[in-house]
Amino acid sequence: MELESVSGVGEKTAAALAELDDPERALREGDVATLAQAPGISEGRAARIARAAIRDEHDDPGGWAATSRAREIYRDALGLIQDRTVTDYARKRLETIYPSGVPERIESVRERARAAMEREPDDAVLEALAGVEPLADPSDVRVRDRCLATTDAERYAEAQAAIPEVTVEVVDDARQLAELGRSYATVVALDESFAGLDVEGDVRVQPDALENPADVVPERPLAFFTRNRDRIRAAVAVHRVADLDSPCDLDALESALDRLAEDGSVRGDDELDRLTVAVDDLDAAVSTAESAANDHLRAAIEERDVTIEGTDLLSLVERGAGVDSLLSRELADEYDAAISKARDRLIETLGLTDTEAVARRAFPDDPTYPVEHNEEAVSRLREELTAARDQRATRLKRELADDLAEMRGAAESLVETALELDVELAIARFAADFDCTMPVVGGVEPEGRSASERSDGSEPRDGADDPGFAIEGGRSPLLDVPFEAVEPVDYRVDGVALLSGVNSGGKTSTLDLVALVTTLAHMGLPVPAESARIGRVRELHYHAKTQGTLDAGAFEATLRDFGALVAGVDESPEATRADRVMVLVDELESITEPGAAATIVAGILEALAERDATGVFVSHLAGDIIDAADADLTVDGIQAEGLVDGELRVNRSPVKGQLARSTPELIVEKLADDSESDFYGDLLGKFE
Ligand SMILES: Nc1ncnc2c1ncn2[C@@H]1O[C@H](COP(=O)(O)OP(=O)(O)OP(=O)(O)O)[C@@H](O)[C@H]1O
């Protein structure tokens, strides 16, 4: 896929995306989280790019939500599902689900949503999901205990490029190589010419080392697991609690991860632990052993009566000799015992085995008082212990890297499956929380079968493929009352209809419900209704109520919008199904004075009705609009069933073909019933 061929992706964005490991995959799969890792690409932009890529794939012109209110309803619908995600990934991933008029696109999401609705959202799974995140790139690895060596300048550059984690040294000869052997725990010589060379330390001759970098630096493959250890573990936990099929032996993966410490080292190896402690505690152990020797020697000297002949004393004083020679003569045995104690103590404290001989040299044979360790021997011991520690650590890393290497693909798929499960569970919870069902969209049944292609010979559902919509038991989660208190609404419209109703009867809420159900249906998602049939449309135009009368300029602009809308539908006189639009308008009359408004709304409705559009226009002027219209217009009404304790009791489902009585009329009627006076009766008569 050419990155620049994605709509809206210019040269700069394409360059940013190209920095990703596999931008084509991320685009194809709508992986917003990965796209957002490209430099300078925000999450919002990443979601737009992913949507554009999906649109391109489906030849989808976009722009289904054609007005700002329609886009708000889409955001609200998406928000309801996003609120039910656990991971940030799923939240962003859902951004790639958008309303579309393209049947293949709708069906591909519906397929997924159907599978999602089969899932049981379980608290334990949600808890486990909390630790899952998309896999991150490991940070750069730097290894200091190993080096590569070569005599060849070209090979040097090659080595630097192939294994940048270690230092590459140029050597002239075996002597220089041997020197390196003393500075590094392991030296890998790249030249064949060194084969058979016998030098001290861990110096290997491996001419093919650059072909297998993981062998030299097992830290490289391990870095992926070190960086992502906790995420992979969480994904394993998700697979266990959700009882998902796993691509590898989860126990083996977990136990391998258990061996990996947070800093990338291998843990749980007694020998490595011993060597690590020995290096760390060496100075302290030497000084304790030294003190023990001195304590022994001091006690011995204190207890001892030393007889010294006069001539000896004289010679000592004359020669200015120290007491050492006296010590060696008189206390040789005691000194030996003290030194031996110090050596044993050092070996025992550090648990030394292979390096015992060097450790013994840390305390000299020649008697001195106080006893002093031999710094050179201690340094040598430190070097040997450090090299042994590092060599063991590398060997263990190599073994662990080998074990884990074959599980990398499985680990990646575990994390991906867990994250995608979160997307599905969010849809499942949305569907469960709001009693949703899969709607019939554009004649395609909930289970994905087209009404016109029934292979089992059964009759298609009546009117499944018709324009308009029919919602039964629709309950909008966007209402300002708790969902349990939302009264179900039945509403069906074929063509265009005026919706009248008492004040606060729920006209705007009904439009919102129709917009929400239509939007969700075109996203390929379940809808909050007992059942719903939605005619497929190319665009949704939802115009919210304007606050107050518009000035001349704004009024003209609004009229132009409607003019363009009508003209847009008009462009395809053979209005095929794919060209249909849905228009929802709330109290357009508020833009200007009532008389003119009724005439304008009537004109727009007539034009839309002629063009096979689906439309609902909420209006308090429904009666005047019908009068102003030349054609027959349908008017539905949200009726008050009466006044109870000064409150209107409303039937929230619009009654087809009935102009709703207004609130003032209902109040006058109540007063006429209650009062003796003829005034109210006469007033009531004027409403007819
Ligand atoms: N289906 C419903 N179930 C429960 N409450 C509802 C329902 N529909 C509407 N309501 C309640 O009625 C209130 C008024 O609804 P809405 O604003 O839709 O009425 P309206 O007819 O458009 O009012 P207006 O006459 O001001 O245009 C809502 O805020 C909500 O509290």
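**Close-up views of a predicted model**

Pro370 sits in the loop between helix H18 (356-360) and H19. Helices here are DSSP runs of H or I with at least four residues, strands are runs of E with at least two, and both are numbered from the N terminus. This is a predicted model, in which local features need pLDDT of at least 70, side-chain atom pairs count only at pLDDT 80 or more, and totals for chains, interfaces and linings use all residues. Residues are numbered from 1 along each chain as its sequence is written.

View 1. The bond from Tyr369 to Pro370 is cis. Its omega is near -5°. Phi of Asp435 is positive, near 45°, and the residue is not glycine. Most residues other than glycine have a negative phi, and most peptide bonds are trans.

**View 2. Helix H12 packs against helix H19.** H12 spans residues 219-241 and H19 spans residues 375-405. Axes are lines fitted to C-alpha atoms, for helices over the stretch in contact, and angles run from 0 to 180 degrees between N-to-C directions. H12 contributes Glu219, Pro221, Leu222 and Phe225 to the contact. H19 contributes Lys397, Leu400, Ala401, Leu404 and Ala405. Residues are in contact if their C-beta atoms, placed from the backbone, lie within 7 Å. By class, the contact has 7 nonpolar, no polar and 2 charged residues. Ala, Val, Leu, Ile, Met, Phe, Trp, Tyr, Cys and Pro count as nonpolar, Asp, Glu, Lys and Arg as charged, and the others, Gly among them, as polar.

**View 3. An open sheet of 4 strands.** The order is E2-E1-E3-E4, with parallel pairing. Two strands pair if DSSP finds at least two bridges between them. Strand E2 (167-170) and strand E4 (202-205) are the edges, each pairing on one side only. Neighbouring strands are turned by 25° against each other on average, direction ignored. Strand E3 (residues 186-189) is joined to E4 by 4 bridges. Val187 has Val203 of E4 as its bridge partner. Helix H9 (residues 153-162) lies across strand E1 (146-150) and E2, at about 175° to E2. Helix H10 (residues 174-183) lies across E1, E2, E3 and E4, at about 150° to E3.

**View 4. An open sheet of 5 strands.** Here the order is E10-E11-E12-E8-E13, again with parallel pairing. The edges are strand E10 (539-543) and strand E13 (634-638). Neighbouring strands of this sheet are turned by 15° against each other on average, direction ignored. Strand E11 (residues 581-586) pairs with strand E12 (residues 614-618) over 5 bridges. Val585 is bridged to Phe617 of E12. Helix H23 (residues 594-610) packs on the sheet and touches strand E8 (496-501), E11 and E12. The direction of H23 makes about 165° with that of E12.

**View 5. The shell around the ligand.** The shell holds 16 residues, and Glu487, Gly506, Lys507, Thr508 and Ser509 come nearest. A residue is near a molecule or strand if its C-beta atom, placed from the backbone, lies within 6 Å of it. Helix H21 (residues 507-523) gives the most to the shell, with 3 residues. By class, the shell has 5 nonpolar, 7 polar and 4 charged residues.

Definitions and conventions
Contact = placed C-beta atoms within 7 Å.
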